[in-house]
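Welcome to this guided tour. Open your viewer, and let's take the stops one at a time.

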Amino acid sequence: MASGRTGEDAPAVLVQTVGLTKRFGEIDVLKDIDLSVRVGEKVAIIGPSGSGKTTLLRCVAHLERPTSGYVAIGGERIGDKLVNGRWREMSDREIAGIRAGIGMVFQRFNLFPHLTALENVMLGPTHVLKRSRAEAEPLARGLLRKVGLEHKAADYPERLSGGQQQRVAIARSLAMQPRLMLFDEATSALDPELIGEVLNVMRGLARDGMTMLIVTHEMRFAEDVADRVVFMDHGRIVEEGEPHRLFRSPSHPRTQAFLHAVVDREAMIEAPTS
Amino acid sequence: MSAWLTVWGLLPVLLGGAVITLEVTAGAFALATLIGVTFAILQRLELRPLRFAIATYVDVFRAVPVLTQLFIIYFGLTEIGIRLDPVPSAIIGFGIYGGAYLTEVFRAGIESIHHGQIEAAQMLGMTRLAALRIVILPQAVRVVLPPLGNFAIGLLKDTALASAVAAPELMFQARTLVDKTFLATQIFVTAAAIYLAMSLPLGYLTRLAEARLSRGRR
């Protein structure tokens, strides 16, 4: 999988953001973000609401165009290309070609409501990869099996629970055989009892060696699964590091304050009467 | 009573006109839908000159009475050497006029679909155009079916205006027969009944299509 571009033993860098800045009107949502994710690495991004986590993920997918700086996937800049020594904006088709290798799971699932679970999973392979139905269907059924939903193949999204919809959405992304998966608060819209089933599927993907960039509020999951945790606040990366270290002894006061607030909340949920 | 018997004998002429009415309606509906879908999608591609051109088309063709447009196509184009028969003139006239309406109908339909849908399609590697065509449009069609049905029924009735450019549709035949027989009440009531017989199934078909397309949804 690793292309070995660096010529070192460490896996190659798959995602790199360089001086990434995003401004909406007067507001700097991302400020000078430098982040690298290596092949096979799982990076969790945590932080308070409005800290820029989702925007960072959306810039990586080029659903938002950076105001300045850039994102490179596998060494290739997404959104711009060098033509005769000058940077030019890529065509929609070129950007689509890069996105085909990136899976993204949205907070609101975004399944296509007019298609069954199976058809949702088959849509990318048949329309983008130009696979025949005969080729795509076994692959799609296999992926639905992987997320534990083969028996729901013929159901429309409306008939599925939130957790099931999100698992279909993960299968839909995997059908494109992406080299990178982006998770944008994949469990935030779910009822508490449905969160576990989605996190289990994500754990399975992590075990399979998928490169994952995960925006999450599930601190325990981040600690279990991530190789590295990035804490963001006010559009900046405040602190990053190995999960146990960052969660147990954060060095920055803002990280400490955030984690204290989250831990206190979780403690209150676990012991509501105390 | 004998007047109604006379009209009964003239029914084939009226039905012949009804066939032309259906031809004009179907042709114009197909053209208007093609224009509406194409322009509504092109409007979403964020190409400024194209958006401006389409907006201008919609504004102009919605603002001018369809009868005026029919006269321009049928009589006016002869000035530049284009001579169209009445039926093609009517199909083109109603098609272009209807296209302006349906561009707006489809635009509203597309805009009613949540933005997350197009992003999900784009993240599967689809271009914006492919996402609109493959993912958004099939969903938008459900939304626009009721106004589309209304448009079709309205169009069926409006084609009566094509008699002004001598298209031998139902109203043209009815008026010709009235001129010959002076049986205005009987002939126009019969024409009304034929319009009704054509319109009612359209309404039924629209509801049927809505029910079909709402598979998977309550």
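Predicted model: local features only at pLDDT ≥ 70, side-chain atom pairs only at ≥ 80, totals over all residues.

Residues are numbered from 1 along each chain as its sequence is written, chains are lettered from A in the order in which they are written, and side-chain values use heavy atoms, leaving out hydrogens and water.

**Stop 1: the interface**

Select the residues where the chains touch: 24 residues of chain A are in contact with 22 residues of chain B, contact meaning heavy atoms within 4.5 Å. How many salt bridges does the rule find across the interface of chain A and chain B? It finds 1, a salt bridge being a side-chain nitrogen of Lys or Arg within 4 Å of a carboxyl oxygen of Asp or Glu. Show the side chains of Arg58(A) and Glu119(B) to see a salt bridge of 2.6 Å, N to O.

**Stop 2: the cores**

Next, select Ile73(A), Leu182(A), Leu213(A) and Phe94(B), the residues with the most contacts inside the largest nonpolar core, which has 75 residues. Such a core is a set of buried Ala, Val, Leu, Ile, Met, Phe, Trp, Tyr and Cys residues joined through side-chain atoms within 4.5 Å; buried means under 20% relative accessible area, exposed over 50%, and partly exposed in between (1.4 Å probe, protein chains only). Helix α6 (residues 128–158) of chain B supplies the largest share of this core, 12 residues. A second, separate core has 38 residues, including Val121(A) and Leu199(A).

**Stop 3: a helix with a buried face**

Now select Ala136(A), Ala140(A), Leu143(A) and Leu144(A), the buried residues of α4(A). Viewed down the helix axis, these buried residues fall within an arc of 100 degrees, so they line one face of α4(A). The arc is taken from the directions from the helix axis to the C-beta atoms. They pack against α3 (117–127) and α5 (162–174) of chain A. Helices are DSSP runs (H or I, at least four residues), as are strands (E, at least two), numbered from the N terminus.

**Stop 4: a loop residue**

Finally, find Lys130(A) in the loop between α3 and α4 of chain A. Lys130(A) has a positive phi of about 60 degrees although it is not a glycine, and is exposed, with a relative accessible area of 65%.
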